[in-house]
Each structure stands twice: as C-alpha cells, then as structure tokens.
Amino acid sequence: METMYDTLLQLPLFQGLCREDFTQILDKVKLHFIKYKAGETIIESGNSCGELRFLLRGEISIITTSPQGSYTMVEQIEAPYLIEPQALLGMNREYVSSYMAHTEAHIVSINKPFLLSDLFKYEIFRLNYMNIISNRAQNLHSRLWEEPASGLREKMVRFILTHCEKIQGKKILKVKMDDLARQLDHTRLNTSRVLNQMQDEGLIELHRKEIVIPDLEKVVASEF
C-alpha cells in the first residue's frame, strides 16, 4: 500500500531526493494538510502566494479569466500537481487563476520562509524547482514563435491551447460567440460554422456561452 512518503516523493519538486534527506526535511517542517470537498474553493485569483501548494490526491479545476473579463478557461487537473510555483517569487506574487476542488482534493502546503531557508539547500530540490520554472518559460516562448495559423479552425485550436496549462484533461471555454469571434479576428457567422462542424465531429459540445472540450488531445490530433 502506498504511504504518505511515497505520495509526496511523486511530487515534481521532491523527485530524486533520497528517503533519508526527505525524512530530515519532514522532521524540520510542519506540512499543512487540508482536505477540500468537491465544489469548495481552494485559492482565489489575486490572493497573495506565500506558500507552495501541492495537489496530492483528487482533481481540481483551474479557472482563469481574461483581464477584460470577456472569456474564462476552466481546466480539470489530476494529482499530483504543483499549483503556480512561479507566483512564489518575482514581481507579481499573486495567483493568476482560481482553484476549486472538482472531486475531493487533498492539498499539502509548505510556507515560503522554510522553502527559502531550508529546502533550497538541497541541490535536487533547487534543480527541480528551476526545471519547472524553465520549462514553463520555454513553452510560453515557443508559442510566441509558432507559424501563423493557416485557417480559422487552426487559429481556434491554437487559441484554446494558448490558454491551457496542460493538453490533458477536460476544458471548458466560457465565452460569448461575438467575443470569441473578435478574439479570432473573424466574423461571428464563420466562427459559429467552424464550432458546429467540430461538434458534428464529436470533438466539442456547444452550450449557451460555453464550449466544452472533453479531450483536447483529440482536438489537437484532428488539426495538426
């Protein structure tokens, strides 16, 4: 049976640490374990980030709204998952997204002072943290240099991909048709036509002011 040690060692920041080092870490720091019921808010967008939070078990929804409030992307992410490690340092130390428990979710947090004073002394931990931040920066940079989309459908798929943390999992784009058409620089009629075509192919589900994408990987595979 998997122990709490085994579960924690699966988290990206702890991978590669030997059990002896990890035991010493746990002896020094008080880990805060919180269980959230489905539907409960874990973090609200704009909250200050003063700790690292890990999703140990369950599934959460990441809810991100555009600065103008014209559209919102909702992603479902399964454990294990590290919540916005980039928000811990830098100029903006606030959470960009809101987080809600989709199923019962088990969260563990480590406060920032202990992270900086003790955990960063472990080379494996530092490397893991830098790799996570570097990978996110590289992914964002590569998106900036992609070739322009050749058509409306490809542009739509790229728009969805750009606003998702991961390609895996269910996505829900909450947006009015007029607002989506404006983002894609196309007419409302053409945007609606492409969306209905994708629905006919079983790739998405259209609802009032909402586009449900059950499997984004399938959508991407159909286009690229």
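Mentor: Let us begin with E59, which counts as buried because its relative accessibility is 16%, buried meaning under 20% relative accessible area, exposed over 50% and partly exposed in between, with a 1.4 Å probe and protein chains only. The model is predicted, so that local features need pLDDT of at least 70 and side-chain atom pairs count only at pLDDT 80 or more, while totals for chains, interfaces and linings use all residues. Residues are numbered from 1 along each chain as its sequence is written, and side-chain values use heavy atoms, with hydrogens and water left out.

E59 lies in strand 4, where strands (E, at least two residues) and helices (H or I, at least four) are DSSP runs numbered from the N terminus. Strand 4 covers residues 59–65 and is joined by four bridges to strand 7, residues 98–101, in the antiparallel sense; two strands pair if DSSP finds at least two bridges between them. Within this pairing, S61 has M100 of strand 7 as its bridge partner. In general, the strands of a sheet pair through backbone hydrogen bonds, either parallel or antiparallel.

Both strands belong to an open sheet of seven strands, whose order is 2-7-4-5-9-11-10 and whose pairing is antiparallel. Its edges are strand 2 (41–43) and strand 10 (205–207), each of which pairs on one side only. From one strand to the next, the twist averages 20°, with axes taken as lines fitted to C-alpha atoms (for helices over the stretch in contact) and angles running from 0 to 180 degrees between N-to-C directions.

Five of the seven residues in strand 3 are buried.

The C-alpha atoms of E84 and I43 are 11 Å apart, although 41 residues separate them along the chain. By contrast, M130 in helix 4 (residues 123–144) is partly exposed, with a relative accessible area of 46%.

The UniProt record, an unreviewed entry, places a "Cyclic nucleotide-binding" domain at residues 13–112; its positions are given in the numbering used here, feature names are shortened, and annotations may be inferred rather than shown by experiment. Over residues 13–112 the chain is 44% strand and 11% helix, and the end C-alpha atoms lie 14 Å apart. The record also assigns an "HTH crp-type" domain to residues 150–217. Over residues 150–217 the chain is 50% helix and 18% strand, with 20 Å between the end C-alpha atoms.

To set E59 in the whole, its C-alpha atom is separated by 35 Å from that of N190, 131 residues away along the chain. The C-alpha trace of the protein spans about 60 × 35 × 30 Å along its principal axes. The protein has eight helices and 11 strands, and buried residues make up 41% of its 224 residues.
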